[in-house]
Amino acid sequence: MTVAVHKTQRPERTGSEEPPAPARRARTVSRSVIVAGILVVWLVLFAVLRGKQTLSLAAADLTDLHRWFNDVNDSIGANRNSNPLFLYFFNEIRLVIDTLVTFVQELISQPPAGRPVPQIGWLGVVGIVGYVSWALGNWRVALLAVAGFTFLGLQGLWQESMDTLALTLSAVCVALLFALPLGVWAGLSDRVNRIVTPFLDFMQTMPTFVYLAPLTLFFLIGPASATIATAIYAAPPAIRITAHAIRSVPETTVEAADSMGATRRQALLKVLLPMSKRTVVMGVNQTIMAALAMVTIAALINAPGLGATVVQALQSLDVGTAFNAGLAIVVMAIVLDRVTTAASVRADTARGSDSPFLKWRRHLVVAQGVVAAVLVYLSRTYLWAAEFPGEGGTGSTIAKAATDVTTWAQDNLSGLTNAFRDALTNGLLNPFQTLLTDSPWWLVGAALVALGTVLGGWRAGATSAVCVGLLIGTGVWSDAMTTLASTTVATVLVMLLGVVLGVWMGRSALVDRLLRPSLDAAQVMPPFVYLVPFLALFGATRFTAIVAAIVYAAPVAIKIIADGVRAVPGTTVEAAMSTGCNTWQIITKVQLPMARGALTLATNQGLIYVLSMVVVGGLVGAGALGYDVVAGFSQGQLYGKGLAAGLAIVLLGVMFDRITQAAARRAGA
Amino acid sequence: MARHFRAGAAGLAVLGLTLTACGGAKVGDDSAAGSGSSGKCGTFNLAINPWVGYEANAAVLAYVAEHDLGCKVEQKDLKEEIAWQGFGTGEVDAVVENWGHDDLKKKYITDQKTAVDAGPTGNKGLIGWYVPPWLAKAHPDITDWNNLNKYASKFKTSESGGKGQLLDGDPSFVTNDEALVKNLKLDFKVVYAGSETALIQAYRNAEKNKQWVIGYFYEPQWFMSEVPLKKVSLPEYKEGCDADAEKVACDYPVYELDKIVSAKFAKSGSPAYDLVKNFTWTNEDQNTVAKYIAVDKMAPEAAAKKWVEANRGKVDAWIK
């Protein structure tokens, strides 16, 4: 769900560039004329050809491709116990990872054989967490970490949280084992980078539902499958950011090392890696966040922990309990995020600093280490330190409050929300969807390719053509168009929110400080938690799916736009003010045009985040590709169709990513 | 100086902790209790499919297996398809509420021979179209499918493209609804809610706000004890009338819900297998336990305990 994080690095650069030249404006105008022209032609042809060659496929119908996927799946399942590839390859991997996860679990969450409680009890874990975050970061984050972990216990979710932590840590370890070397390699070699990038795109946009079932086929049910699923999803950010970090080391520094006669290996170990340490740690941070985002999905293949609590609560529509567990995930994410961020800052400042209290710090590290060790010892020996005391009363209070708030909202707001939903669905979504699904496939395809070419250039146009061709090949064209309509509407709404809140945040540091924690929480809170209240407010409709997608995608867009607006030089704004511009004029004539690069990037990220919610949308009435994917996960004979639908989501993602990126380059150039 | 002080304080704290700690109960003092349950049963891997009715079956079976037979029960949260996959790999011993799934039976029982049928659970599974109680009361004739077209326009929503909306649920449910709508010439469109949660929430809203909703639902289901939905009668089911999926024009059959176990488990001689095989109860029994879990928010184990203690006779018949 965190797609293409490396791109978020860009706004600082694009945002500050001056838009020169009236000549450019002439070109932009002509471009928007062409776009309008394409749309007019499309509308006219649609009116004539409506309902012909729409390639629609009923819910239970399959194409040959889907059947072929089914057969492959079945034959793997049938031959699993005799195939040497399984016996000597997959089973071995599974064994190693199972051992790792079980080891971590027995350490902190599950009682090992012969002990009623895990090796390290809650006090020990809190002690270690505090110590590690202090040693890697500073005392402020250590305090936050200790408070956060204690809160998990007070919520009555200590063991679930530790299961989640154990799984997250194992998955992150496995992911980094491959991601860091691969990232370094991609950073050093352009060719590797070019080869790896499409695979990373694929790993991040392919809905995880699609590969959960095959994974259990390869690695059986159990912690190994859950860990591997999480690692696959979480590795790409670390690879991308590591490559980016290696690439951003200034050319001159590398040349200096070369001129001093450093070998390639020395240059890498002594110059490139140390200098990119900070960014690499940020990559680790993103990987942890992505792993946490998988917690609820992995619960569907028996991953223990908070995700299981959320999923179970959902079955009886128990919003309160689901929210309580969701909140625990948010707390854990915030702690891990702040600790790794602080660690990356430390990695930066510690390098080369020779200050006098470095010596003191060393003593303190030892002293604190002793404290942590004592706490661990206590938690191994005494029950009160091993099992979190109390009944988790805070948790039930939180659950009750969440239930009350949702009930109130459902009782008092549903009239209003239904009116809003109907207006938007009938006024915008339905006409647009009809245009996409009822036009002949070749007309929509041609329009997409033409728009891609005009907005993004020839290469983007060629990519669109390939994607359109493959989309037709998946056999779920009509569903893809339905999904495209909803995701486009969702993206438009995300951008509206993004501009309004982003500008507001960009212009006021206070607003930024107030809003940012809620944005963080919205990104990490598992969508399963807010599905029930949204269902109550908006019913099982496409609109509910759109709202859920907005909650997940808007924070990214808002943050990027806020950064873009903030990057507009203060002098420019002052100059505009001195010529008598009012606030509205400054925003519309100065700040937004100058943050154009950030706006395009926000559209790109917004759309990709929206696409990653398509499957969740399928659970609440959005139908189309999301439903196909879920159906493929649930029913054997629809497996192939679900896989094809997953591929279609990837193709939509790639197409829009390439078009918007090319457009962004043009806007920035 | 401040740092000095902090280190000192930390040291004092450690000392204090170690001193006060000596009074507490030690880990391992009562560890004998934990390892007492190692009878001949061994480990019993029980799949938990994601609906509350299933959870009720599983909770009671797990409780009895643990407390009466001394098994170590591993409960695994899995969707049906994946649970069946687990029979072959030895990761799953039993699925204890199966709805039809002829395709899976063919694949795993007939072809791969990794699973076997362990007989009915005693529950009768009803699938069909349901309306909220207020609607059935206000328009009693609505429970006959012949009258549905008369009301079709009332069921219109933003999703149904001008026709009445027939709401379907989770994709893993057995459904003929698209064919039914077509073959019974109903002016309705099937809209997929996508999950059981969405379906239940739709009925809950409909009953509360007197909205028009008709959709797919099933019994036994805990939600029936909150909102007793009314079933709409479709043309009567006759043997074989649903043979051709394209031409179905009759109601769903009454499903004999059954239990499926892995072939290995069936031959293992584990008392847990006999328990699963002998286990039967009624829809009321299941609804009672499901209500404890879903409505009264009891933990599955506590719900099972409450029911088992009140129905000792039934339980003894399973493990005799």
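These points cover selected features of chains A and B in a predicted model.

1. Overall make-up of chain B. The secondary structure of chain B amounts to 14 helices and 9 strands. Of its 320 residues, 52% are buried. Chain B has an accessible surface of about 13,600 Å², and carbon and sulfur atoms account for 55% of that surface. Taking contacts in chain B between residues at least 6 apart in sequence, 74% link residues at least 24 apart.

2. Domains of chain B. Chain B is split into domain 1, made of 45–123 + 256–319, and domain 2, which covers 126–254. The contact involves 16 residues of domain 1 of chain B and 13 residues of domain 2 of chain B. Taken over C-alpha atoms, the centres of domain 1 and domain 2 of chain B are 29 Å apart.

3. Area between the two domains. The size of an interface is often given as the accessible area lost when the parts come together. Between domain 1 and domain 2 of chain B, about 1,100 Å² is buried, and 63% of this comes from carbon and sulfur atoms. On the domain 1 side, Trp51(B), Trp99(B) and Asn287(B) supply 38% of the area that this domain buries against domain 2 of chain B, more than any other three residues.

4. The disulfide. A disulfide is a covalent bond between the sulfur atoms of two cysteines. Over all chains, the structure holds 1 disulfide. Cys241(B) and Cys250(B) form a disulfide, with 1.9 Å between their sulfur atoms. The torsion about the S-S bond of Cys241(B) and Cys250(B) is about 85°, so the disulfide is right-handed. Are Cys241(B) and Cys250(B) buried or partly exposed? Cys241(B) counts as partly exposed because its relative accessibility is 23%, whereas Cys250(B) is at 4% and counts as buried.

5. Two cysteines of chain A. Cys467(A) is buried, with a relative accessible area of 4%. Cys581(A) has a relative accessibility of 24% and therefore counts as partly exposed.

6. Ser161(A). This residue sits in helix α7 of chain A, which runs over residues 158–188. Ser161(A) is at 0% relative accessibility, so it counts as buried. A polar atom of the Ser161(A) side chain lies 2.6 Å from the backbone oxygen of Leu157(A). Leaving aside residues up to four places away in sequence, Ser161(A) touches Leu152(A), Leu306(A), Ala328(A) and Met332(A).

7. Helix α15 of chain A. Leu306(A), a contact of Ser161(A), is among the buried residues of α15(A). The helix spans residues 306–315, and because 9 of its 10 residues are buried, it is largely enclosed by the rest of the structure. Other buried residues in α15(A) include Gly307(A), Thr309(A), Val311(A) and Gln315(A). Following α15(A) comes Leu317(A), whose phi is positive, near 55°.

8. Gln637(A). Where in chain A is Gln637(A) found? Gln637(A) lies in the loop between α30 (624–634) and α31 (639–668) of chain A. With a relative accessible area of 36%, Gln637(A) is partly exposed. Gln637(A) and Arg67(A) are 570 residues apart along the chain, yet 8.1 Å separates their C-alpha atoms. Not counting residues up to four places away in sequence, Gln637(A) touches Leu62(A) and Asn70(A), as well as Asp103(B). The bounds given for domain 1 of chain B include 45–123.

How values were computed
Residues numbered from 1 in each chain as written. Chains lettered and ligands numbered in written order. Predicted model: local features only at pLDDT ≥ 70, side-chain atom pairs only at ≥ 80, totals over all residues. Heavy atoms only, no water. Helix = DSSP H or I, 4+ residues; strand = E, 2+ residues; numbered from the N terminus. Buried < 20%, exposed > 50% of the residue type's maximum accessible area, 1.4 Å probe, protein only. Polar contact = N/O pair within 3.5 Å; in protein donor to acceptor, adjacent residues only side chain to side chain. Contact = heavy atoms within 4.5 Å. Areas by Shrake-Rupley, 256 points an atom, 1.4 Å probe, with all protein chains shown as cover. Disulfide = S-S within 2.5 Å. Domains from an automatic or database assignment. Buried area = accessible area lost by both parts, 1.4 Å probe.
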